[in-house]
Amino acid sequence: MSKKQEERDWSEIIAEVRSKARSELDEFVDEMRPRVEALVQKVRDANFHEDAEEMLAKLKKMADEFSDSEDGPKASKAKSKKRPPLYRDDSGKEYGRALSGWTDAQKKKYKIR
């Protein structure tokens, strides 16, 4: 009988730990979500849509890294697509986004699409 009582105690302890971990995670997500949302909106409002999408992709990658099970990474992870370059300078070098030193005229000149 004492063994069944001990097993029940451990299961209750494990359930409490899981419950506490879940509530801490939920609180963290609730605190983090508005900040990330505000940052993405601020970046998009500044017309840096590519940067906002890049930031969201990094967040997703980080979350995927943490979501690995105890047995190791999942076999079928989706690979992120590499976006085609948006700019190409006179030498033919391609860029995913405009460099900070470029003028508006250079941005228009180097724009691919």
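Me: Which element gives the most to the lining of the second largest pocket?
Reply: In this predicted model, α1 gives the most, with 8 residues.

Me: What makes a residue count as part of that lining, and which ones lie nearest the centre of the pocket?
Reply: A lining residue has an atom within 4 Å of a pocket point. For the second largest pocket 14 residues meet this condition, and Phe28, Val29, Met32, Leu59 and Ala63 lie nearest its centre. The elements that supply two or more of the lining residues are α1 (2-45) and α2 (49-66). The volume of this pocket is about 400 Å³.

Me: What is the lining made of, by class?
Reply: There are 11 nonpolar, no polar and 3 charged residues.

Me: How many of the residues are called buried, and what makes them so?
Reply: Buried means under 20% relative accessible area. Of the 113 residues, 9% fall in that class. The chain exposes about 10500 Å², with 53% of this supplied by carbon and sulfur atoms.

Me: What share of the contacts with a separation of 6 or more joins residues 24 or more positions apart?
Reply: Such pairs account for 31% of them, where a contact requires heavy atoms within 4.5 Å.

Definitions and conventions. Residues numbered from 1 in each chain as written. Predicted model: local features only at pLDDT ≥ 70, side-chain atom pairs only at ≥ 80, totals over all residues. Heavy atoms only, no water. Buried < 20%, exposed > 50% of the residue type's maximum accessible area, 1.4 Å probe, protein only. Areas by Shrake-Rupley, 256 points an atom, 1.4 Å probe, with all protein chains shown as cover. 1 Å grid on protein atoms, 1.4 Å probe; cavity = no way out; pocket = protein on both sides within 12 Å on 5 of 7 lines; lining within 4 Å. Points joined across faces, edges and corners; volume = space filled by probe spheres on them. Helix = DSSP H or I, 4+ residues; strand = E, 2+ residues; numbered from the N terminus. Nonpolar A, V, L, I, M, F, W, Y, C, P; charged D, E, K, R; others polar.
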